[in-house]
Amino acid sequence: MIQPIYLYGSEVLRARAQEADLSDKEGLAALVQDLKDTLVHSEGCGLAAPQIGVGKRVLIVDGTGMTDVYPYLEGFKRTMINPVIVEESEKTVEYSEGCLSIPGIYCDVRRPASMTVEYYDESGEKVTEELDKFACRMVQHEMSHLDGDMFVDHVAPIRKKIISKKLLGISKGKVHTRYNTKIK
């Protein structure tokens with residue numbers, strides 16, 4: 001079911017999400033379906049459970065809509081339950097990031113260039129995967145949401161000052177989106 005996306009300023013986006021109960025197969029399946037439906041509706045490339053108001057360590061990413069820019073994302077769709085970063089590269093790269101919870105704002109953010117992540121997939125199987133390039137970036141961005149962290153927390157102080165009025169407006173609901181939003 002399509003859920004509203006919580007906006008910057010919502011408490012759920014700043015709380016550390018709790019591990020998902022892998023034995024709750026029905027609840028997890030419903031949460032994952034809600035994430036998928038909401039992501040498709042909002043035309044994003046990733047979504048974490050806190051962004052739909054659920055404080056669980058679950059995220060989805062879908063890079064298939066960006067293959068014109070990043071051909072290597074062909075077929076890159078992941079559901080990650082209780083993901084953990086096992087290793088990150090010392091080398092970093094900078095990409096412009098945006099977020100469905102912070103509509104209309106894009107900033108360059110520096111993050112590790114590659115990482116190894118462990119997670120459980122939708123069938124409950126444990127997966128270890130090495131990621132790089134934009135696939136790595138999408139997962140890092142969504143994993144940050146699970147820790148109550150947002151991309152604007154990683155921008156240069158001067159950039160943060162420049163966008164502060166827009167962030168305040170978003171936190172008060174003064175934003176127009178093509179998808180349903182909520183602040184709480």
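## The largest nonpolar core

In this predicted model, the largest nonpolar core has 21 residues, and L73, F76, L131 and V139 have the most contacts inside it. A nonpolar core is a set of buried Ala, Val, Leu, Ile, Met, Phe, Trp, Tyr and Cys residues joined through side-chain atoms within 4.5 Å; buried means under 20% relative accessible area, exposed over 50%, and partly exposed in between (1.4 Å probe, protein chains only). At least two residues of this core come from each of β3 (58-62), β7 (114-120) and α2 (133-146). Helix α2 gives the most, with seven residues. Helices (H or I, at least four residues) and strands (E, at least two) are DSSP runs, numbered from the N terminus.

Beyond its neighbours within four places in sequence, L131 is in contact (heavy atoms within 4.5 Å) with F76, M80, A113, S114, M115, V117, C136 and V139. Another core, apart from the largest one, has 17 residues, including L7, C99, I105 and V152.

## Helix α1

Helix α1 covers residues 25-42. Its buried residues are L28, L31, V32, D34, L35, T38, L39 and S42. These lie on the same side of α1, because they cover an arc of only 155 degrees around the axis, taken from the directions from the helix axis to the C-beta atoms. They pack against β1 (5-6), β2 (46-48), β3 and β4 (77-88).

The face turned away from the buried side carries the exposed residues K25, E26 and V40. Just after α1, E43 takes a positive phi of about 60 degrees.

## Basis

Residues are numbered from 1 along each chain as its sequence is written, and side-chain values use heavy atoms, with hydrogens and water left out. Local features need pLDDT of at least 70, side-chain atom pairs count only at pLDDT 80 or more, and totals for chains, interfaces and linings use all residues.

How values were computed:
The expected span of a helix is 1.5 Å times one less than its number of residues.
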